[in-house]
Amino acid sequence: MQLENKTILTGVKPTGTLHIGNYFGAIQPMIELGKKSAQSHASHIMFVADYHAINAIKDPVFLAQTTKELACAYLACGLDPNTSIFYKQSDISEIFELTTILMAYTPKGFMNKAHAYKAAVDKNMAKNEPQDAGINMGLYTYPVLMAADILAYDTDIVPVGKDQVQHVEIAADIAGAINAVYEAEVLKIPTSFLKEETQVVPGIDGQKMSKSYNNVIPLFGTDAEIKKAVMGIKTDCQDINAPKNPDDILLYHIAKGIASKETIAEIKEGLEKGGMGYGTIKKMLLQSIQDELGEKREKYNYYMSHYDEVEDMLQQGAQKARAISGAVLNRVKNHIFNRK
Ligand code: ADP
Ligand code: TRP
């Protein structure tokens, strides 16, 4: 991907305590991209999508905590607020003004087809409930707010997972519709960049690791919490000396998502030959987690207990962000209200 002079933007919703699947699958690749952007004179923007989270989370104490955890996790994992613009969505009022404008150019049918809404409808249907039961307008119009997040900065590239590609396409369609009405490049057309297929990290029960399944290894848990989760990874009762096919062994799949190449190879060989016990593999996994995350965890704990410093960084980031989004919003208003 060509990054020179481009604007690259991503956001994550603070909807729950982070786990190592989130780290290896999302946070780490996004921060790596931030580092590459800095080397390529690209602008990198990474924010906490707290307004998107309120569609689901109504408990203010919980939301404040998950927001704090996500902001501290970004910094602990290496996001550099000097080279990346880092803020909370709720601090950028231009986003919400732009959202209202975008609504007027968004066909309602786009929202009916958006996958977050469709998935919620499917769930209701499966339970024999009315199709829109429990669905609020925030969830229904989710892609318009996301389009404003993107379009407010003249974003070129939005790195996302597969499930978010459709939302970026909707943002591009809305921008295209506005440009067509005013016969000008009022808004920049963004494109999605599908993150390299990162390994899906399985949870301790073998399903995808997810906060919804209660099967996670917490990203920044205490030693005891992480140890408890790793020791709880499901195993079978084959003889320790029996040669095994690593692909049948959950511990091996988890290792593939999180351990170094050397450790993965060592576990593979140990299983194939037989003689390497599951307890030994669990210890190796714990060591891998410690190697990758030990230092980051110290930083995380520092930021969590010095959150005023983080809030300062977020506010400085918001100022930088508003300078850009304010200019874009003015440009849009000049077109739609015939202002000079
Ligand atoms: P959860 O499934 O715990 O609710 P989210 O859906 O909030 O997680 O995911 C946030 C980000 O973390 C997404 O980009 C997603 O692709 C990534 N992610 C979540 N779980 C995993 C996993 N088990 N392996 C790899 N990436 C994951
Ligand atoms: N919808 C994204 C998700 O659930 C989060 C998000 C909100 C986002 N606004 C964005 C991602 C803008 C990229 C760009 O993961």
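The model is predicted, so local features need pLDDT of at least 70 and side-chain atom pairs count only at pLDDT 80 or more, while totals for chains, interfaces and linings use all residues. Residues are numbered from 1 along each chain as its sequence is written, and side-chain values use heavy atoms, with hydrogens and water left out.

**Helix 10 and helix 13**

- The axes of helix 10 (residues 223-231) and helix 13 (residues 278-305) come within 10 Å and cross at roughly 150°.
- The two helices are therefore roughly antiparallel to each other, a term that applies to angles over 145 degrees.
- The contact (heavy atoms within 4.5 Å) is made by Asp223, Ile226, Lys227, Val230 and Met231 of helix 10, together with Lys282, Leu285, Leu286, Ile289, Gln290 and Arg297 of helix 13.
- By class, this contact has six nonpolar, one polar and four charged residues.

**The two sides of helix 10**

- Ile226, Ala229 and Val230 are the buried residues of helix 10, where buried means under 20% relative accessible area.
- Seen down the helix axis, these buried residues fall within an arc of 95°, so they line one face of helix 10.
- The buried residues of helix 10 pack against helix 13, whereas Ala224 and Lys228, on the other side of helix 10, are exposed, that is, over 50% relative accessible area.

**Threonine 10**

- Threonine 10 is found in strand 1 (residues 7-12), and it is buried, with a relative accessible area of 3%.
- Not counting residues up to four places away in sequence, threonine 10 touches Met30, Ile45, Met46, Phe47 and Pro159.

Definitions and conventions. Chains lettered and ligands numbered in written order. Axes fitted to C-alpha atoms, helices over the stretch in contact; angles between N-to-C directions. Helix = DSSP H or I, 4+ residues; strand = E, 2+ residues; numbered from the N terminus. Parallel < 35°, antiparallel > 145°, perpendicular 65-115°, else oblique. Nonpolar A, V, L, I, M, F, W, Y, C, P; charged D, E, K, R; others polar. Buried < 20%, exposed > 50% of the residue type's maximum accessible area, 1.4 Å probe, protein only. Arc of directions from axis to C-beta.
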